[in-house]
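Have the model open beside you as you read.

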Amino acid sequence: MRTDIKRTTLNITTYCNLKCKHCLAFIPYHDKKFIMSIEEAGKILSAYFQVVDSVEHFTVTGGEPLLNKDCAQILEEVHKYENQITGSVDFVTNGTMEIPDDIISVLAKHIDKTKVVLSNYGEKLSKKIDIIEETLKQNGIPYRVSKFYGDDLYYDGWIDFSNHDLKWKTIEERDQNAQKCVHRVGKYFVINDGELHCCSRSYWRIRQGIIPKIKGEYVPLMDDTISIEEKRQDLIEMFNKKSSTSCAYCVGLCNGVPRVKPAQQL
Ligand code: SF4
């Protein structure tokens with residue numbers, strides 16, 4: 001059976017120059033920070049693209065990915081797998097730092113498969129948005145701005161995922177809520193610590209010991225004792241489930257869940 005998935009996000013650092021209280025990936029709360037080296041990225045990407053036949057959108061982000069000095073090389077490494085990326089390689093940055101020339105060169109070189117996503121947290125935080133936009137325009141690099149400020153919380157707001165109490169007691173309840181979650185329905189995956197997880201909430205709850213690590217709910221990409229075929233089976237199992245253990249502890253990225261003001265700084 002083929003493994004064709006919609007989206008995967010590679011986290012190349014847990015360092016960030018912002019401290020967003022409601023960060024979806026809980027970045028400010030990571031005790032041990034990491035920066036992925038080009039060597040590590042090469043191994044992870046090689047393992048990932050053996051397990052995954054194709055991905056529509058492959059996202060490189062952090063933390064703030066510009067804080068990783070190997071960022072340009074990592075982006076170049078991702079593009080080596082272009083024939084398995086059917087849509088775009090997305091690069092998400094927070095608008096606080098100008099994009100260095102070496103990264104602009106990589107983005108421009110792969111212009112047909114590149115999309116930059118600028119998170120705009122308003123003029124007090126994302127101070128470099130205008131100059132970044134200007135540079136991207138000058139180089140003809142496709143981009144979009146995700147606006148995370150203003151008064152319309154329905155469209156611009158975030159969800160507070162910090163409460164990890166059990167919320168859905170039966171599998172049926174858990175499935176029902178997860179089937180309204182954008183992450184679950186959209187089959188978005190994340191790569192953290194060399195493992196493929198359902199979402200950053202699931203990864204975080206496992207990491208914090210809130211939920212157990214269960215076979216079939218993550219793929220240990222870097223574990224050489226497990227065959228590629230078995231990893232593919234784990235992914236297919238993840239793919240086919242309506243929900244995972246983490247979803248029982250989660251409000252989900254669903255319509256109707258109250259929104260909070262984005263990018264509140266700790
Ligand atoms: S319900 Fe929560 S844990 Fe489950 S996929 Fe959605 S965001 Fe992740």
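## Enclosed spaces

On a 1 Å grid over the protein atoms alone, a cavity is a set of points where a 1.4 Å probe fits but cannot get out, and its lining residues have an atom within 4 Å of a point. Grid points are joined across faces, edges and corners, and a volume is the space filled by probe spheres set on the points. The model is predicted: local features need pLDDT of at least 70, side-chain atom pairs count only at pLDDT 80 or more, and totals for chains, interfaces and linings use all residues. Residues are numbered from 1 along each chain as its sequence is written, and side-chain values use heavy atoms, with hydrogens and water left out.

There are two cavities of 30 Å³ or more. The largest cavity holds about 150 Å³ of space. It is lined by 16 residues, and those closest to its centre are Cys181, His183, Cys199, Cys247 and Cys250. Two or more lining residues come from each of α6 (171-178) and α7 (182-185); helices (H or I, at least four residues) and strands (E, at least two) are DSSP runs, numbered from the N terminus.

The second largest cavity has about 60 Å³ of space. Around it sit His183, Arg184, Lys187, Tyr188, Phe189, Cys198 and Met238. Here α7 and β6 (188-192) each give at least two residues to the lining.

## The two sides of α6

Which residues of α6 are buried? They are Arg174, Asp175, Asn177 and Ala178, where buried means under 20% relative accessible area and exposed over 50%, with partly exposed in between (1.4 Å probe, protein chains only). These residues lie on the same side of α6 because they cover an arc of only 170° around the axis, taken from the directions from the helix axis to the C-beta atoms.

Glu172 and Gln176, on the other side of α6, are exposed. The buried residues of α6 pack against α7, with contact meaning heavy atoms within 4.5 Å.

## Cysteines without a partner

How many disulfides are there? The count is zero, a disulfide being a pair of cysteine sulfur atoms within 2.5 Å. For cysteine 20, the nearest cysteine sulfur is that of cysteine 23, 6.3 Å away. Cysteine 20 is buried, at 7% relative accessible area.

Cysteine 71 is in no disulfide either, and the nearest cysteine sulfur, that of cysteine 16, is 13 Å away. With 0% relative accessibility, cysteine 71 is buried.

Conventions:
1 Å grid on protein atoms, 1.4 Å probe; cavity = no way out; pocket = protein on both sides within 12 Å on 5 of 7 lines; lining within 4 Å.
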